Amino acid sequence: MSEPPFHPGSPRGLYVRTFGCQMNEYDSLRVQRLLGPLGYVPVSDIGEADVIFLNTCSVREKAEHKVHSFLGSLRRLKKIKPHLKIIAGGCVAQQLGEKLLDRFDHLDMVIGTRGVGSVGLMLQRLQESGGRLVCMPGEENGLPGPGGPEIFPRGGVTAPVTIMQGCNNYCAYCIVPYVRGPERSRPASEILEEIRRLEDSGVREVLLLGQNVNSYGRGLDEKSTFVDLLRRIRTETGIARIRFTTSHPKDLTDELMQCFAEGDTLCKHLHLPVQAGSDRILKRMNRGYTAAGYMEKIRRLRLICPQIALTSDIIVGFPGETEEDFTKTMDLLEEVRFDNLFSFRYSDRPNTSAASFPDKVPPEEAARRLLELQTYQADVTLRKNLAEVGSVRDVLVEGPSRASNGQMTGRTTHNRIINFEAPLSSCGQILGVKISFAYSHSLKGDVIVRPKAQSGRDL
Ligand code: SAM
Ligand code: SF4
């Protein structure tokens with residue numbers, strides 16, 4: 001039976017649940033933006049939803065399990081509310097397609113990673129047909145198109161901006177190239193247009209997103225490198241701060257390093273996933289650099305920008321990783337002393353080459369290594385936070401703090417979260433804050449300097 005026709009003026013609730021990375025968060029904002037004109041209003045209470053959109057992640061097995069159990073938990077809601085439409089998008093949807101519909105008979109539609117732009121059309125088809133649908137566009141590039149931004153900031157001070165999709169690197173453990181497709185970049189003119197609109201609506205900081213932003217621009221008609229793009233954002237928009245993620249060490253050039261020394265707009269923080277400290281493992285991972293090569297880049301970067309904050313990703317227990325290999329990872333961590341780290345236990349992912357490697361590390365051994373590494377890093381991170389006490393940092397005020405009552409929260413250029421007393425009206429301003437206290441994951445401070453010059457142009 002098909003749905004009753006939708007009457008403008010009677011909004012329907014849209015509940016969006018996002019699993020995984022910032023790229024998925026960006027796509028979730030796009031879904032909200034694209035469904036808004038069709039009368040769908042975001043709701044935070046799942047009970048008020050007429051449509052549930054699940055943006056799924058399959059990068060690690062654990063993330064995929066979470067998606068499956070969340071999907072399973074929706075069965076009861078669908079029974080109570082039969083008109084409810086449940087849609088799965090993102091990487092698990094791309095990977096499993098129709099199989100996901102077979103597995104969950106209360107799921108109405110599966111949309112692949114390149115289908116986000118068609119979500120409105122597909123939802124209309126779904127409502128009209130009353131059946132179940134699979135949408136796996138192979139041709140669409142999955143990027144936001146020309147004609148303005150597909151996301152809206154909703155009074156936010158910071159906003160993500162996708163500059164590219166997909167990846168050509170085929171690291172041995174990684175599912176991304178299989179579920180996100182080959183690398184494709186968005187024209188610089190569209191990115192600049194989106195940033196200007198975000199700026200007009202009050203956004204002060206943008207986070208440029210891509211799986212390997214360093215290789216931005218390959219294949220574009222309008223020639224542009226990532227460095228060109230950064231410089232254009234700094235000179236052609238008034239955005240106060242730029243961040244980006246993720247960079248691949250093999251593609252990190254001296255020219256890009258130099259950008260960190262060119263004024264304050266580009267935040268002094270680089271996320272540079274190393275994954276392992278053993279050359280044997282890096283080779284098996286197909287990462288395209290050695291530990292010494294990585295260290296040499298870190299040394300040059302610190303010469304160019306001594307205060308730069310560095311964070312990284314590590315995988316422990318990759319197939320064939322011996323105790324000696326793991327020690328090399330720990331040695332690298334000791335040498336670099338990262339400001340923060342995202343560390344994971346290796347998990348087999350479908351289609352990847354590592355999934356067929358025979359010499360798997362026993363899970364309990366991988367768990368032990370992970371714990372050792374995380375314990376070490378927690379200490380380094382806390383010490384680095386403690387070293388901030390007494391210093392004055394420029395902080396972009398993002399909004400009320402979730403944790404502390406009545407306080408505001410913001411970030412330093414080094415991407416440290418800091419909470420402090422300030423009026424709500426300070427949202428979006430850059431204030432000088434003296435750090436008084438350090439915790440494992442955040443800082444506390446007191447505002448001592450009123451807003452600085454608010455323009456982002458510093459070239
Ligand atoms: N493009 C980025 C890069 O090159 O590092 C990150 C992509 S991935 C979405 C984020 C992180 O997940 C990776 O850096 C890696 O540490 C981790 N990861 C990816 N596949 C994994 C797997 N099969 N098992 C455990 N961790 C994994
Ligand atoms: Fe995955 Fe490697 Fe591509 Fe990053 S660079 S997305 S880890 S294949």
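Good morning, colleagues. This is a predicted model, in which local features need pLDDT of at least 70, side-chain atom pairs count only at pLDDT 80 or more, and totals for chains, interfaces and linings use all residues. Residues are numbered from 1 along each chain as its sequence is written, chains are lettered from A and ligands numbered from 1 in the order in which they are written, and side-chain values use heavy atoms, with hydrogens and water left out.

Let me begin with the ligands. Around ligand 1 there are 15 residues, the closest being Arg60, Gln211, Gln275, Asp313 and Ser347; a residue counts as near a molecule or strand if one of its heavy atoms lies within 4 Å of it. Which backbone atoms approach a nitrogen atom of ligand 1? A polar backbone atom of Gln211 is 2.8 Å from a nitrogen atom of the ligand, and for a polar backbone atom of Ser347 the distance is 2.8 Å. In Tyr173, a backbone N or O atom lies 3.0 Å from a nitrogen atom of ligand 1. For reference, a polar contact is a pair of N or O atoms within 3.5 Å; within protein, one must be able to donate a hydrogen and the other to accept it, and residues adjacent in sequence count only if both atoms are side-chain atoms.

Ligand 2 has a shell made of Cys167, Asn169, Tyr170, Cys171, Tyr173, Cys174, Val176, Pro177, Gln211, His248 and Arg287. By class, this shell holds seven nonpolar, three polar and one charged residues. Here Ala, Val, Leu, Ile, Met, Phe, Trp, Tyr, Cys and Pro count as nonpolar, Asp, Glu, Lys and Arg as charged, and the others, Gly among them, as polar.

His248 sits in the loop between β11 and α10. Helices (H or I, at least four residues) and strands (E, at least two) are DSSP runs, numbered from the N terminus. Is His248 buried or exposed? His248 is buried, because its relative accessible area is 5%, where buried means under 20%, exposed over 50%, and partly exposed in between, with a 1.4 Å probe and protein chains only. Not counting residues up to four places away in sequence, His248 touches Asn169, Cys171, Asn212, Asn214, Leu272, Arg287 and Tyr289; contact means heavy atoms within 4.5 Å.

Ser247 belongs to the loop between β11 (241-245) and α10. With 2% relative accessibility, Ser247 counts as buried. The Ser247 side chain makes a polar contact with the side chain of Asn214 at 3.3 Å. Leaving aside neighbours within four places in sequence, the contacts of Ser247 include Val213, Leu270, His271 and Pro273.

I turn now to strand β4. Why is β4 (residues 85-89) described as largely enclosed by the rest of the structure? Because five of its five residues are buried. In a regular strand the side chains alternate between the two faces of the sheet. In β4, Lys85, Ile87 and Gly89 point one way, Ile86 and Ala88 the other way, and all are buried. Strand β3 (residues 51-56) pairs with β4 in the parallel sense over five bridges, and Phe53 stands opposite Ile87. Strand β5 (residues 109-111) also pairs with β4 in the parallel sense, over two bridges, with Met109 opposite Ile87. Two strands pair if DSSP finds at least two bridges between them.

Finally, the salt bridges. How many does the structure hold? There are 38, a salt bridge being a side-chain nitrogen of Lys or Arg within 4 Å of a carboxyl oxygen of Asp or Glu. In one of them, Arg231 joins Glu255, with the closest N and O atoms 3.5 Å apart. This pair links distant parts of the chain, Arg231 in helix α9 (residues 226-236) and Glu255 in helix α10 (residues 254-259), 24 residues apart. Arg231 is partly exposed at 26%, as is Glu255 at 42%.

Two further salt bridges each lie within one helix. Glu296 and Arg300 meet at 3.2 Å, N to O, four residues apart in helix α12 (residues 291-304), about one turn of the helix. Asp379 and Arg383 meet at 2.9 Å, N to O, and lie four residues apart in helix α14 (residues 363-386). Salt bridges that share partners also join Glu321, Glu323, Glu365, Arg368, Arg369 and Glu372 into one network.
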